[in-house]
Amino acid sequence: MTLTPIPVRGRTVAADWVDEQLLAGPDGEPCLRFGAPVARGTLRALVAERQRQLAAAGLGEHGTVALRMPPSAEFVAVLLAAWRSGAQAVLLDHRLTTVEVDRAVDRLHPRVLVELADGRPAFRSLPDGGAAGSEHALVQLSSGSTGPSKVIARTAADLLRELDCYARLPEFPTRGERTVLLSSTVHVLGLVGGLLHALHAGVELVVPQRMTPAGILAAVAEGSAPTTVIGVPFHAELLAAAAAPPGLPQLRRMVVAGELVRPELPAAFRERFGVPLGTMYGMTETGVIATDLTGRNHPAVEPVHGMELSVAGGELHIAREQSPYLGPTDPTRWSDGLLHTRDAALIEVGTGLVTVLGRRDSQISIGGLKVDLNEVEQALTGLPGVVEAVVLFADGAIEAYAATADGVTSSPSERSGPAEQLRELLGTELAGYKLPRRLHLMPRLPRTATGKLLRDAAALRRQADAAR
């Protein structure tokens, strides 16, 4: 299928970038596989049609469109159509609740909201939508977007810079190869390292139909071209535990990012599949920062081309001339040309290798998905009858402790009890991956000598056990 391009040269984004850097290539070249294969010519035609539909919904140059769509060829087409129109794209995780989506829409005022209905995009014009307030191409919400500095924006030039970083990595997939993507396409690794790099480099992007060990391995096995799997450590753990996996001569490596890797996992993965488990470190604000795709430096990673890193007070900083945030910027996140990662890190003198030690704030990672514990705590405290709450991360899971106005006591193990009912109510406010695995109700929450809520997991568990 061929495409007669719609002449669009917007100022909000470099609209020609989509045609020249992402859609260019032979009509018959395979580029996407979300179950069924999609060739470049087919994708170009689909992008042109979705661009016409966006225009009919009221989106034009300098407009803003919000996408709440699962990974699919339609998501890719609508995203590229928005950029091709000279518009700004806001990515919303399709797992967000209606309450969370409405909150994001109220905050960002997109002109059009696109969701998937019966496998096809539904375009909804929003009466209160306005023009983009900046010339950024991409807007993403970090960890629930509860604070003014958590709306992250990137220009087309910055995305191209990141694509150049990937192109310089000799171990990263190149033309004629395949990427099996397990990470979400609305998060930075899946979006840029997976989707956009694949389109830019001539790599076929494959998203498994089932995110199970069998489904992932079947996706690798269905093609003969050299294949790289990209996901989060949770996915690598699943695969490393697979019993008697098939021989996969096309598998080159797996690359993971999003959270720290268990020290024993790289060796276990190599033993199971005979290929390295590489690691990457990055942030939504800037994309890929450092990599170790061969596994030789683990747990250290090497900064990518052009990345200037430093450590002050134990915290990793990144040189960046402008703030990546829309609206007022928290100076503890960006100031004086430095992006504060809030990650503890060490930089090796001489080699420049970076070892990331973990988070220094309330943001955590669950299976590669970012969760702000403050957001969960605020949502829990805002539920009817809840007077105070503490949410923390312990033993690999989110735990919550709350006190209600009627002073009831209830444990997570109590089926259909008050604690379980409250957790279900919280599920109407937050996406499932943000919910506490365990929620305890106590007559009142313990406090420190200075009157602050106690936040020690072991002490809270002892208090909860004593209250029952």
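Tutor: The discussion below sets computed values against their definitions. The model is predicted, so local features need pLDDT of at least 70 and side-chain atom pairs count only at pLDDT 80 or more, while totals for chains, interfaces and linings use all residues. Residues are numbered from 1 along each chain as its sequence is written, and side-chain values use heavy atoms, with hydrogens and water left out.

Student: Why is E74 called buried?

Tutor: Buried means under 20% relative accessible area, exposed means over 50%, and partly exposed lies in between (1.4 Å probe, protein chains only). E74 has a relative accessible area of 11%, and is therefore buried. T279 has a value of 7%, so T279 is buried as well.

Student: What does E74 touch, leaving out residues up to four places away in sequence?

Tutor: Contact means heavy atoms within 4.5 Å. On that basis E74 touches L46, R50, M69, L116, G119 and P121.

Student: What makes the pair E74 and R50 a polar contact?

Tutor: A polar contact is a pair of N or O atoms within 3.5 Å; within protein, one must be able to donate a hydrogen and the other to accept it, and residues adjacent in sequence count only if both atoms are side-chain atoms. The side chains of E74 and R50 are joined by such a contact at 2.8 Å.

Student: Where does E74 lie, and how do you know that the span of that helix agrees with expectation?

Tutor: E74 belongs to helix 3, residues 73-84. Helices (H or I, at least four residues) and strands (E, at least two) are DSSP runs, numbered from the N terminus. The expected span is 1.5 Å times one less than the number of residues. For the 12 residues of helix 3 this gives 16 Å, and the end C-alpha atoms are 16 Å apart, so the two agree.

Student: What makes strand 2 and strand 15 edge strands?

Tutor: Nine strands form an open sheet of mixed pairing, in the order 2-1-10-9-11-12-13-14-15. Strand 2 (36-39) and strand 15 (302-303) each have a single partner strand, so one side of each is left without a neighbour in the sheet.

Student: How do you know that strand 1 and strand 2 pair?

Tutor: Two strands pair if DSSP finds at least two bridges between them. Strand 1 (residues 30-34) and strand 2 have four bridges, in the antiparallel sense, and L32 stands opposite V38 in strand 2.
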